[in-house]
Amino acid sequence: MTDASPTRNRLLRSLAALTGLAAAGIPGLALAAEGAGAPHLDGGSLSVVWVIPFVGILLSIALMPLLMPSFWHHHFGKVAAGWAIAFLLPFALTFGAGLATYELLHTLLLEYIPFIVLLTALFTVAGGVRIAGTLVGTPVANTFGLGLGTLLASLMGTTGASMLLIRPLIRANEHRRHKVHTIVFFIFLVSNVGGSLTPLGDPPLFLGFLKGVGFFWPTVHLFWPMMLVSGSLLAIYFVLDLYLHTKDPGKHPLIEGVHEREPVRIEGAVNLLLLVAIVGAVLLSGVWHPGVGVDIYHIHVPLETIVSNLLLLAITGLSLKLTSAHSRRLNAFTWGPILEVAKLFAAIFLTIIPAIAILRAGTDGALGAIIAAVNQGGEPVPAAYFWATGVLSSFLDNAPTYLIFFNTAGGDAQVLMTDLALTLAAISAGAVFMGAVTYIGNAPNFMVKAIAEERGVAMPSFFGYMLWSFGFLVPLFVVVTWVFFL
């Protein structure tokens, strides 16, 4: 394996550049924005034609790895850039360079950079933790690992738990012929459903926390829906894995008597402290609001966002500095998965702009029928909110989708937590649970897929994965609707 130090040095230089950008605040642009009103994109004036580039990038992710695997592997970044340009250039020609620049920078500064900085921090820090020793992927051990990851997801976030546990899980099952089902259920449980009990678990719940929803409100109101879905998935997985293990257990060196059992130990334990630091940095941006910040081309970047990003970049640098490069190599840590996520989600974040704007226009937008369907006679219908929020969260960013339906239901956190508690629970469950329906429903889904494929696991295609989710998740969501939201 090649030495990762040149890549690490390039990453450190990139982190330093991002740090400088965030600290400087691009003062030239800030001066240009002073005293000027922010441009406004009226989602009610947009037709569904503007959603074509977003659909294009989704179909590219879905079909090109299946139909043109070699081309996609070498040129997915160019394809993503092409769809981004296919949106941005016509948008600038139609609405003007000013609005296009504003939407681009707004997405970059307030959404994409915080998103990718957090993912990079979690990816780097969790990738520095190596669970060494003998790991054997038996049905009992695998089910226990998935259950542990499900619990950890609400404490350190779905991304943190996923990045911490996916490599040990893959290593424990390397001897198994059948292991795709294990990765798929890992995405269901650890990368999605497990993050439903606290604002730390998943971005939609964190946005609800910022809007005034109590920290432990999801713990109380989503506990039983989460237990129903996760408990059912764990039971189904155990039966499935037991059958496949009995059919073909694989040949593990320990089982074959080639090696003696090595005690399980943790290398790079300092990264566990850094994971706690990441949680603190994220919470800081939610509870500390000094009321100042930097203005960049009509966009106000709050100081808490800048400080949180700088802390996350510093934590990333510390992890690289304090973790043995040898340990990372043994952990099969590479930058490929995070680079793939960064390139593809840059296009997704950009092309999603008109889709979110249309939804925010409510019943006046081109997708107004979806908004109107969740209320009957002026009263919210929890089951409709669950499915509307969930279906859109499967393909759109689940955080803004949560906010759209949060505001559609009134937007008053106190009312939603009390009189409309069932509606808020439906919105929250839909946003978190149904992020598991597609690879792009939640960021760690794609990262887990990329890591698994890099380790030689032949993961399902975009639509192939949806066959798994429709087969196992959708029936459970129907049960959840019937038990909790009707």
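Modeller: Buried residues make up 53% of the 486 residues in the chain, where buried means under 20% relative accessible area, exposed over 50%, and partly exposed in between, with a 1.4 Å probe and protein chains only. This is a predicted model, in which local features need pLDDT of at least 70 and side-chain atom pairs count only at pLDDT 80 or more, while totals for chains, interfaces and linings use all residues. Residues are numbered from 1 along each chain as its sequence is written, and side-chain values use heavy atoms, with hydrogens and water left out.

Colleague: Which residues touch the most other members of the largest nonpolar core?

Modeller: They are I61, I278, F386, F405 and F433, in a core of 146 residues; the name stands for a set of buried Ala, Val, Leu, Ile, Met, Phe, Trp, Tyr and Cys residues joined through side-chain atoms within 4.5 Å. Helix α5, residues 97-127, gives the largest share of this core, with 16 residues. Leaving aside residues up to four places away in sequence, F386 touches A426, A429, G430, F433, M434, F477, V480, T481 and F485, a contact being heavy atoms within 4.5 Å.

Colleague: Why is helix α21 called largely enclosed by the rest of the structure?

Modeller: Because 10 of its 12 residues are buried, α21 counts as largely enclosed by the rest of the structure. The buried ones are A443, P444, N445, F446, M447, V448, K449, A450, I451 and A452, and what covers them includes α3 (52-67), α5, α6 (139-172), α7 (180-189) and α14 (336-351).

Colleague: What span does helix α21 have from its first C-alpha to its last, and what is expected?

Modeller: Helix α21, residues 443-454, reaches 17 Å, close to the 16 Å expected at 1.5 Å a residue, where the expected span is 1.5 Å times one less than the number of residues. Just after this helix, G456 takes a positive phi of about 90°.

Colleague: What makes R455 and E174 a salt bridge?

Modeller: The term asks for a side-chain nitrogen of Lys or Arg within 4 Å of a carboxyl oxygen of Asp or Glu, and the closest N and O atoms of R455 and E174 are 2.9 Å apart. This pair links distant parts of the chain, with R455 in the loop between α21 and α22 (462-485) and E174 in the loop between α6 and α7, 281 residues apart. R455 counts as partly exposed at 21% relative accessibility, and E174 is also partly exposed, with a relative accessible area of 44%.

Colleague: How many salt bridges are counted by this rule?

Modeller: The count comes to four. Among them is the one between R176 and D241, whose closest N and O atoms are 2.7 Å apart; here R176 lies in the loop between α6 and α7 and D241 in helix α10 (residues 223-247), 65 residues apart. Both R176 and D241 are buried.

Colleague: Why is the pair of F345 and F446 called edge-to-face?

Modeller: Rings of Phe, Tyr and Trp (its six-membered ring) pair if their centres lie within 6.5 Å, with planes under 30 degrees apart counting as stacked, over 60 as edge-to-face and the rest as tilted. A search of the whole structure finds 33 aromatic pairs. The rings of F345 and F446 have their centres 6.5 Å apart and their planes at 85°, so this pair is edge-to-face. The pair links distant parts of the chain, F345 being in helix α14 and F446 in helix α21, 101 residues apart. F345 counts as buried at 6% relative accessibility, and F446 counts as buried at 3%.

Notes:
Helix = DSSP H or I, 4+ residues; strand = E, 2+ residues; numbered from the N terminus.
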